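Work through the following exercises with the sequence and the coordinates side by side. Each task is followed by a solution in steps.

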Amino acid sequence: MAHELRIQDGWYKVESSSLLHKKFQVPFEEDMFNEFKGHRNLAVEELPPWTQESTKEKASRRAVSRALNAMLNTGKGGKVYLGIVDSGMVRGLQLTTYQQDHVMGSLDDLMSRYKPPVKKHRYRIKFVPVVDPKCSEEEIIKQCSYDASDNLDETDMTERMKPHIFRSHRYCWCDKDGVAQFNCGVMTQDYVIEIDILPWNSKDPRNQDSGCGSLINLHPLHEDEEGSVYFRRQASLVKYSMSEICELTRQEARESLEEEVNRLKREIIAKEEL
């Protein structure tokens with residue numbers, strides 16, 4: 001079957017698949033709804049010791065969890081791109097099929113540790129392949145259409161079922177496997193990991209027992225794995241105290257109730273006019 005290649009704003013499109021151009025500068029900056037990270041350390045325990053804050057130096061890397069927590073607590077959603085550095089340049093992260101499984105499992109594990117836990121329908125994850133600008137059109141189409149899981153034999157599938165090691169900065173078995181493949185000359189595909197936090201939908205039946213308040217069903221506030229509560233403010237993260245959280249909740253409840261009251265008034269007026 002023939003595939004049509006379309007290039008738009010640095011994104012390669014082949015039917016329903018997408019790829020990114022390596023070293024491409026994405027056409028948007030970090031803001032209220034977008035965050036860039038050059039690594040894939042989701043939870044704080046996954047940060048290597050050399051990135052941690054010391055008496056002499058500040059932390060050189062922050063866990064992705066902080067940004068995810070802030071987007072959840074703001075209630076408006078957003079996307080975190082792993083493999084795009086702060087400047088907006090696409091670098092990509094080398095990931096085998098097993099390592100992709102690890103990232104998905106690590107994200108589910110992280111969301112289950114939040115208080116309250118985050119339901120799976122409230123976030124999504126996607127792996128966008130990154131291609132070299134020197135690749136031919138044929139090579140780009142091949143990468144866009146390739147699914148490594150289709151080529152796993154019975155032994156590979158058994159290997160794939162092995163439990164991964166989460167909440168640790170040490171190499172998991174899948175990382176060691178990736179290093180072994182590299183040492184054997186096997187080139188691993190680069191990806192940008194796109195984690196999508198969906199906006200809070202108070203009308204979604206799956207959220208009826210998760211929100212705050214029976215009338216307005218405000219989005220819940222989540223503590224992260226360290227017990228902290230973050231909010232998104234433009235392109236930055238803000239850690240709120242308990243008193244600030246209470247004040248923010250009162251304000252949001254007041255605004256939502258006023259909106260609901262106005263809606264009911266409009267309904268009453270419309271019925272009276274009939």
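**Exercise 1. Contacts and composition of the chain**

Determine what share of the contacts with a separation of 6 or more comes from residues 24 or more positions apart.

Solution. In this predicted model, residues 24 or more positions apart account for 69% of those contacts. The secondary structure of the chain consists of 6 helices and 10 strands. Of its 274 residues, 42% count as buried. The accessible surface comes to about 16,300 Å², and carbon and sulfur atoms contribute 51% of that area.

**Exercise 2. The span of helix 6**

Check whether the distance between the end C-alpha atoms of helix 6 agrees with its number of residues.

Solution. Step one: helix 6 covers residues 242-272, which is 31 residues. Step two: the expected span is 1.5 Å times one less than the number of residues, so helix 6 should span 45 Å.

The unreviewed UniProt entry annotates residues 247-274 as "coiled-coil region". In the model, that stretch is 93% helix and 0% strand, and its end C-alpha atoms are 41 Å apart.

**Exercise 3. What helix 6 packs against**

List the buried residues of helix 6 and find the strand they pack against.

Solution. Step one: the buried residues are I245, L248, A253 and E260. Step two: the buried residues of helix 6 pack against strand 9, residues 230-233. Step three: follow strand 9 to its partner. Strand 9 pairs with strand 10 (residues 236-239) in the antiparallel sense, over 4 bridges. Within this pairing, R232 stands opposite L237 of strand 10. The hairpin has 2 residues between the strands, and Q234 takes a positive phi near 55° there.

**Exercise 4. The surroundings of G92**

Decide whether G92 is buried or exposed, and name the residues it touches beyond four places in sequence.

Solution. Step one: G92 lies in the loop between strand 5 (78-82) and strand 6 (93-94). Step two: its relative accessible area is 16%. Buried means under 20%, so G92 is buried. Step three: leaving out residues up to four places away in sequence, G92 touches G83, V130, D190, Y191 and V192. G92 and V128 are 36 residues apart in sequence, and their C-alpha atoms are 9.0 Å apart in space.

**Exercise 5. Aromatic pairs**

Count the aromatic pairs and classify the one formed by F127 and Y191.

Solution. Step one: the count comes to 6 aromatic pairs. Step two: the ring centres of F127 and Y191 are 6.3 Å apart and the planes stand at 85°, so this pair is edge-to-face. Step three: F127 belongs to strand 7 (residues 123-131) and Y191 to strand 8 (residues 190-197), so the pair ties together parts 64 residues apart in sequence. Both F127 and Y191 are buried. Elsewhere, ring pairs link F28, F36 and Y81 into a cluster.

**Exercise 6. Helix 5 and the residue after it**

Identify the buried residues of helix 5 and the backbone angle of G185.

Solution. Step one: helix 5 covers residues 173-183, and W173, C174, D175 and G178 are buried in it. Step two: just after helix 5, G185 takes a positive phi of about 90°.

Terms used: Residues are numbered from 1 along each chain as its sequence is written. This is a predicted model: local features need pLDDT of at least 70, side-chain atom pairs count only at pLDDT 80 or more; totals for chains, interfaces and linings use all residues. Side-chain values use heavy atoms; hydrogens and water are left out. Buried means under 20% relative accessible area, exposed over 50%, partly exposed in between (1.4 Å probe, protein chains only). Contact means heavy atoms within 4.5 Å. Two strands pair if DSSP finds at least two bridges between them. Accessible areas come from the Shrake-Rupley method with a 1.4 Å probe; for residues, only the protein chains shown count as cover. UniProt positions are given in the numbering used here, feature names are shortened, and annotations may be inferred rather than shown by experiment. Rings of Phe, Tyr and Trp (its six-membered ring) pair if their centres lie within 6.5 Å; planes under 30 degrees apart count as stacked, over 60 as edge-to-face and the rest as tilted.
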